[in-house]
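Here is a brief report on one protein model. Look over the sequence and the structure, then read on.

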Amino acid sequence: METLERLRQQLDSFGDLRDIVGTMKTLSAASIHQYEQAVRSLADYRRTVELGLHIVLRESEPPPIRKHRKDDHLAAVIFGTDYGLCGRFNEEITQYALQRLDSIPAHPERKIFVVGMRATDLLERAGQPVTEVLNLPGGANQIGATIQEILLHIDHWRQEPGLDLLYLFHNSPSGRSAYHATSFPLLPVHLERFHRLEKRAWPSRNLSTYTMDRHKLFSALLRQYFFISLFRACAESQAAEHGSRLAAMQAAERNLNERIEELIGQYRRSRQEAITTELLDVVTGFEAVSGEDLTI
C-alpha cells in the first residue's frame, strides 16, 4: 500500500499534467480555426487565378498530356510537423510520400524539400536524403513567407539541372480530428484543366480580356497558381496537425481523468485505513494504561 504522501504527490502531478493537456487542447482548437479560415479565404483568389489562366489559354489548343520518362528529374515538397503529440501524423505522410514517389518512373536521384523537422528525421531514417528543410510557420499570417522561400528553391531547381516533375505531399483534414494523406502534381502543370473551365458557367455577363503581353501575364498567373497550391497545402497540413493533436489531447485527458479517479479512491481508502489504525492504537494504549477493556 502506497503512503498517503506518495498518493498526494501523484494526484498533484496528474492534476498539473491535466492542466497542461487542457491548455494544449485550447491552443490546438484555436489554431485549427485560423488555418481553416486561411484555406477558406484562399478559395475566391484561387478561382480568380484559374479563370485568368483560362482567359489566357482559351485562344490556344490544349497541350498534349506529357508522359513520364525514366530520365525525368523528380522533386517533392512534403509537409510534416516540428512538434510531436499528434499521433502518427508524420509517419503516415512520409510513408505515403515514399510509396508514391517510388511508383513514379523517374531518375533515381530526386530532390526532397521538407517543411517540418519530424518528417525530415523519418525520411532520413528510411534512407531518403533530404535536400532542403524548413521549419513550419508559426501562424497562418506567416505561411506566405515560407511559401516564397519554397518557390525560390523550386526556381533554382528548374534551372539546374532542370525539373520535370514536382509533387506536393501533405495531410488534409477529414473533419475536426481526422485526416488523410494526399498528393498533388504541381509540375508539369496540367493546362488542359483550365481549358475545361469553358464548360462551366462564367461568373459574370462580360467575358474578361487583357491588354498586356500574353507571355508575361501567363507567367505571372502561373506563379500565383504555384503560390496558392503551396499555401493551401501548408494550411491544410497544419489544420490536420492541430486536429490530430486535439484528438490526442482529448484521449490523454480521458485517460488522466480515469487515473485521477483511481488515485482519489486509493487515497481515500488509504486515509481511512490510516485513521482506523490510529484509533486502534489509541484504544489499545488506553486499555493498557487503565486496565479496562473497551471492546464493543
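## Overview

Buried residues account for 39% of the 296 residues in this protein. The model is predicted. Its secondary structure amounts to 6 helices and 5 strands. Along the sequence, these elements follow the order α-β-α-β-α-β-α-β-β-α-α.

Strand β1 covers residues 74–79. Of its 6 residues, 6 are buried. Both faces are covered. L74, A76 and I78 lie on one side, with A75, V77 and F79 on the other.

β1 pairs with two strands described here. With β2 (residues 110–115) it runs parallel, joined by 6 bridges. With β4 (residues 165–174) it is also parallel, over 5 bridges.

What hand does the unit made by β1, helix α2 and β2 have? This β-α-β unit is right-handed. Helix α2 spans residues 89–102.

## Strand β4 and the antiparallel pairing

β4 has 10 residues, and 8 of them are buried, so the rest of the structure largely encloses this strand. Besides its parallel pairing with β1, β4 pairs with β5 in the antiparallel sense. That pairing has 9 bridges. Within it, L168 stands opposite F184 of β5.

Helix α4 runs over residues 143–159. Its length can be checked. At 1.5 Å a residue, its 17 residues should span 24 Å, and the end C-alpha atoms are 25 Å apart, so the two values agree.

Which residues of α4 are buried? They are I143, T146, I147, I150, L151, I154 and W157. These residues cover an arc of only 140° around the axis, so they sit on the same side of α4. An α-helix has 3.6 residues a turn, so residues three or four places apart point the same way. The face of α4 turned away from the buried side carries the exposed residues A145, L152 and Q159.

## The nonpolar core

The largest nonpolar core holds 42 residues. Among these, I147, I150, Y225 and L230 touch the most other members. The elements α1 (4–57), β1, β2, α4, β4, β5 (178–187) and α6 (214–290) each supply at least two residues of this core. The largest share comes from α6, with 13 residues.

## Cysteines

How many disulfides are there? The count is 0. A disulfide is a covalent bond between the sulfur atoms of two cysteines. Two cysteines can still be placed by their accessibility. C86 is at 2% relative accessibility, so it counts as buried. C234 is at 0%, so it also counts as buried.

## Backbone exceptions

Most residues other than glycine have a negative phi, and most peptide bonds are trans. Two places depart from this pattern.

What kind of peptide bond joins L187 and P188? The bond is cis, with omega about -5°. P188 lies in the loop between β5 and α5 (192–195).

L85 sits in the loop between β1 and α2. Is this residue buried or exposed? L85 has a relative accessible area of 52%, so it is exposed, since the cut-off for that class is over 50%.

D12 belongs to helix α1. With a relative accessible area of 40%, D12 is partly exposed. In sequence, D12 and I260 are 248 residues apart. In space, their C-alpha atoms are 9.5 Å apart.

Methods:
Residues numbered from 1 in each chain as written. Predicted model: local features only at pLDDT ≥ 70, side-chain atom pairs only at ≥ 80, totals over all residues. Heavy atoms only, no water. Buried < 20%, exposed > 50% of the residue type's maximum accessible area, 1.4 Å probe, protein only. Helix = DSSP H or I, 4+ residues; strand = E, 2+ residues; numbered from the N terminus. Pairing = 2+ DSSP bridges. Right-handed = clockwise from strand over helix to strand, strands pointing away. Disulfide = S-S within 2.5 Å. Expected span 1.5 Å × (residues − 1). Arc of directions from axis to C-beta. Core = buried A, V, L, I, M, F, W, Y, C linked by side-chain atoms within 4.5 Å.
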